[in-house]
Amino acid sequence: MGRAKGALKNAFWEPEAERLSPKRIKEVQNERLRGLVRRVYEGSAFYRKLLRERGIGPDSIRSIEDLEKLPFTTKEDLRDNYPFGLLAVPFSKVVRIHTSSGTTGNPTVVAYSRRDLEIWANCIARCLTMTGVTPEDVFQVILGYGLFTGGLGFHYGAELIGAKVLPSSTGGTKRQVKLMKDFGVTAFTSIPSYALYLGETAIEMGINPQKDLRVKTISCGAEPWSEGTRDKLEDLFGCMVFNSYGLSEVGGPGVAFECIAQDGLHVWSDHFLIEVIDPKTGEALPPGEEGELVITTLSREAMPLIRYRTRDIAMILDDDVCECGRAHRRISWIKGRTDDMIKIRGVNVFPSQIEHVLMRMPGVGNNYQIVVEKKGHMDELKVRIEVTGDIFKGELKDLVELRERISSELENALGLRLTVELAEPGSLPRAEGKAVRVLDRRPER
Ligand SMILES: [Zn+2]
């Protein structure tokens with residue numbers, strides 16, 4: 001519901017590939033899947049062994065209908081074969097190496113050939129062009145540069161378009177806002193919680209994001225978020241905000257992106273083959289059913305992945321061609337990660353469900369925290385919520401009615417009793433990286 005600063009135009013970066021018919025997409029996928037199986041069979045000891053165990057030869061896979069014969073690849077496979085066990089090309093062909101954050105144990109490695117980097121930049125260029133970025137734009141990349149794929153991924157895509165790229169990376173929030181204003185930034189990308197923080201900081205600095213900044217298109221991703229947060233961001237900056245999806249294991253951002261229809265994220269289906277499976281049984285689920293996203297990289301050379309289990313929960317949307325003219329399959333927003341799911345008194349809760357409720361409620365500020373504790377034998381769920389500055393008059397206890405309204409909305413949505421605690425505006429911790437939304441203080445799980 002954002003007030004767009006001038007309407008964004010639907011545009012194409014690679015018109016031919018982006019406008020493939022559903023039938024052509026399938027043909028391209030069949031051909032590339034056959035090529036992929038042949039390549040990993042020849043180039044990757046890891047996959048050759050896995051395929052042989054299943055009696056699959058280099059020419060056994062004829063089309064995407066055979067996909068289910070292929071084994072899954074998991075994050076554990078990547079860890080077990082750290083660092084370069086999944087390479088499918090000679091090491092001399094690798095020109096870039098990134099890793100995932102890897103908070104515990106070995107990080108997961110992602111290696112790129114020159115062609116992988118070209119395709120990656122073109123995928124990002126497609127995403128940005130689709131959401132209104134042109135050579136005229138000043139594009140601020142407010143994502144970590146370095147081993148994280150976000151910064152460099154967007155950098156090269158935006159540069160390929162010919163936009164004026166400002167590699168401001170993360171941190172130094174006031175400086176970020178100053179650059180945005182002084183350089184007339186018209187487009188930026190960041191993680192959503194940080195985009196909110198940037199908007200708040202601008203206001204604190206006396207800068208009205210809608211009037212004093214020229215931002216007309218924003219893309220956000222790399223952490224779970226909700227359409228409620230999108231609405232807040234669109235109101236804050238007065239422009240359209242788009243959801244970006246990718247993960248380092250399959251190459252980084254640029255896997256899927258919203259178009260200006262804002263009706264699901266287009267997966268670039270000539271490069272990525274997507275499935276949704278039941279995470280328990282591994283069985284494929286039809287469009288409209290929620291499950292775990294599984295991605296096969298059709299074009300990657302250096303480190304292709306077959307049926308990679310992303311642990312992200314989403315669904316495939318109906319297969320019709322979108323109003324933007326693209327038939328590339330659309331997925332829903334990511335509901336959460338199987339890893340993020342919190343089990344409370346037997347009920348599965350995704351932090352994004354809580355966010356979804358909160359961000360639509362008037363009086364709720366930009367920051368919240370979910371705390372899970374054990375009281376006796378019982379799990380206790382507490383949600384700490386910052387209120388907005390306009391309703392806070394110095395005493396939180398004056399806001400009893402708001403607190404009760406939030407708790408009944410949350411209890412309805414989750415089917416779970418919980419405690420709501422209000423907090424003063426600006427009092428919960430801010431992160432210049434990904435927001436820490438969940439504190440699970442239960443002793444053993
Ligand atoms: Zn579309």
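## The second largest pocket

In this predicted model, the strand β10 gives the most to the lining of the second largest pocket, contributing five residues. The space in this second largest pocket comes to about 510 Å³, and of the 23 residues that line it, Gln29, Ile64, Leu273, Ile274 and Arg329 are the closest to its centre.

Both α2 (22-43) and β10 (272-277) supply at least two residues each to the lining of the second largest pocket. Sorted by class, that lining has 14 nonpolar residues, together with six charged and three polar ones.

Two cavities of 30 Å³ or more are found in the structure. The largest cavity has a volume of about 140 Å³ and is lined by 15 residues, with Ile119, Trp120, Val250, Phe272 and Arg300 lying nearest its centre. The helix α5 (114-130) and the strand β8 (252-258) each supply at least two residues of the lining of this largest cavity, which by class has eight nonpolar, five polar and two charged residues.

The second largest cavity holds about 40 Å³ of space, and its lining consists of Leu78, Asn81, Tyr82, Pro83, Gly85, Leu86, Val109 and Met303. By class, the lining of the second largest cavity has six nonpolar and two polar residues, and no charged ones. Two of the lining residues, Tyr82 and Pro83, are joined by a cis peptide bond, with omega near -5°; Pro83 itself lies in the loop between α4 (75-80) and β1 (94-99).

## The zinc site

The zinc ion is coordinated through the SG atoms of Cys259, Cys322 and Cys324 and through NE2 of His266, at 2.1 to 2.3 Å. In sequence, these donor residues of the zinc ion follow the spacing C-x6-H-x55-C-x1-C.

What arrangement do the four donor atoms around the zinc ion make? The angles that they subtend run from 101 to 116°, and the arrangement is therefore tetrahedral, since four donors count as tetrahedral if all angles lie between 85 and 135 degrees. For reference, the ideal angle at a metal with four tetrahedral donors is 109.5 degrees.

Ala222, although not a glycine, has a positive phi of about 75°. Ala222 is found in the loop between β6 (217-221) and α9 (227-237), where its relative accessible area of 38% makes it partly exposed.

Gln262, a residue other than glycine, also has a positive phi, near 50°. The loop that holds Gln262 runs between β8 and β9 (265-267), and at 21% relative accessibility Gln262 counts as partly exposed, because that class lies between the limits of 20% for buried and 50% for exposed.

How values were computed. Residues are numbered from 1 along each chain as its sequence is written. This is a predicted model: local features need pLDDT of at least 70, side-chain atom pairs count only at pLDDT 80 or more; totals for chains, interfaces and linings use all residues. Side-chain values use heavy atoms; hydrogens and water are left out. Donors are N, O and S atoms within 2.8 Å of the metal (3.2 Å for Na, K and Ca); water is not among the atoms, so sites may look incomplete. Four donors count as tetrahedral if all angles lie between 85 and 135 degrees; four count as square planar and six as octahedral if opposite donors are over 155 degrees apart and all others between 65 and 115; anything else is irregular. On a 1 Å grid over the protein atoms alone, a cavity is a set of points where a 1.4 Å probe fits but cannot get out, and a pocket is an open set with protein on both sides within 12 Å along at least five of seven lines; lining residues have an atom within 4 Å of a point. Grid points are joined across faces, edges and corners, and a volume is the space filled by probe spheres set on the points. Helices (H or I, at least four residues) and strands (E, at least two) are DSSP runs, numbered from the N terminus. Ala, Val, Leu, Ile, Met, Phe, Trp, Tyr, Cys and Pro count as nonpolar, Asp, Glu, Lys and Arg as charged, and the others, Gly among them, as polar. Buried means under 20% relative accessible area, exposed over 50%, partly exposed in between (1.4 Å probe, protein chains only).
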